[in-house]
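Dear colleague,

I am handing over the structure below, with the sequence alongside. Please keep both open while you read the notes that follow.

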Amino acid sequence: VQLVESGGGMVQPGGSLRLSCAASGFMFSREAMNWYRQAPGKERELVASISSNGITRDYVDSVRGRFSISRDNTKNLVHLQMRGLRSEDTAVYYCYASTFDTWGQGTQVTVSS
């Protein structure tokens, strides 16, 4: 089981980024997927979740309305579209498959002017 994140970077407040997670080694279309983040000195927190068929999506209150999680089961990809980024969104973002307790290596998102 492997998860590889990409798409992080530095952006100004109000900007946008799209994160991607490429999954392999398991039946991706059968698994719910999650995005977590961890800011310096803080605990890792769940940001967004999506069901295996992509119908059910959930978000932490602080990102609801700004972030959107999606998936492509034909390509084994899960995305996190982030808009209206704020300094408090600065963190390392991780993809997570709960069934296998597997994390990606993370991708850094920095929001700064």
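**Notes on the chain**

Gly 8 sits in the loop that joins β1 to β2 (9-11), where strands (E, at least two residues) and helices (H or I, at least four) are DSSP runs numbered from the N terminus. Please bear in mind that this is a predicted model, in which local features need pLDDT of at least 70 and side-chain atom pairs count only at pLDDT 80 or more, while totals for chains, interfaces and linings use all residues. Residues are numbered from 1 along each chain as its sequence is written, and side-chain values use heavy atoms, with hydrogens and water left out.

To stay with Gly 8 for a moment, its relative accessibility is 32%, so it counts as partly exposed; buried means under 20% relative accessible area, exposed over 50%, and partly exposed in between, with a 1.4 Å probe and protein chains only. Not counting residues up to four places away in sequence, Gly 8 touches Leu 17, Leu 19, Thr 107, Gln 108 and Val 109, contact being heavy atoms within 4.5 Å. Gly 8 and Gly 65 are 57 residues apart along the chain, and their C-alpha atoms are separated by 20 Å.

As for the chain overall, it has eleven strands and zero helices. Its C-alpha trace spans about 40 × 25 × 20 Å along the principal axes. The radius of gyration is 13 Å, which agrees with the value near 13 Å that a compact globule of 113 residues would have; this radius is taken over C-alpha atoms, and the globule rule is 2.2 Å times the number of residues to the power 0.38. Of the 113 residues, 45% count as buried, and among contacts with a separation of 6 or more, 51% are between residues 24 or more positions apart.

Leu 3, in strand β1 (residues 2-6), is at 4% relative accessibility and therefore counts as buried. Leaving aside neighbours within four places in sequence, its contacts include Cys 21, Phe 26, Met 33, Cys 95, Tyr 96 and Trp 103. Leu 3 and Thr 99 are 96 residues apart in sequence, and from C-alpha to C-alpha they are 13 Å apart in space.

Arg 66 may interest you as a charged residue, since at 12% relative accessibility it counts as buried. Arg 66 belongs to the loop between β6 (57-59) and β7, and its side chain makes a polar contact with the side chain of Asp 89 at 2.8 Å. By polar contact I mean a pair of N or O atoms within 3.5 Å where, within protein, one must be able to donate a hydrogen and the other to accept it, and where residues adjacent in sequence count only if both atoms are side-chain atoms. Beyond four places in sequence, Arg 66 also touches other residues, among them Gln 81, Met 82, Arg 83 and Leu 85.

Two backbone details remain. Asn 76, in the loop between β7 (67-72) and β8 (77-82), is not a glycine and yet has a positive phi of about 55°; at 24% relative accessibility, Asn 76 counts as partly exposed. Asp 101, in the loop between β9 (91-97) and β10 (102-103), likewise has a positive phi, near 50°, in a residue other than glycine, and at 51% relative accessibility Asp 101 counts as exposed.
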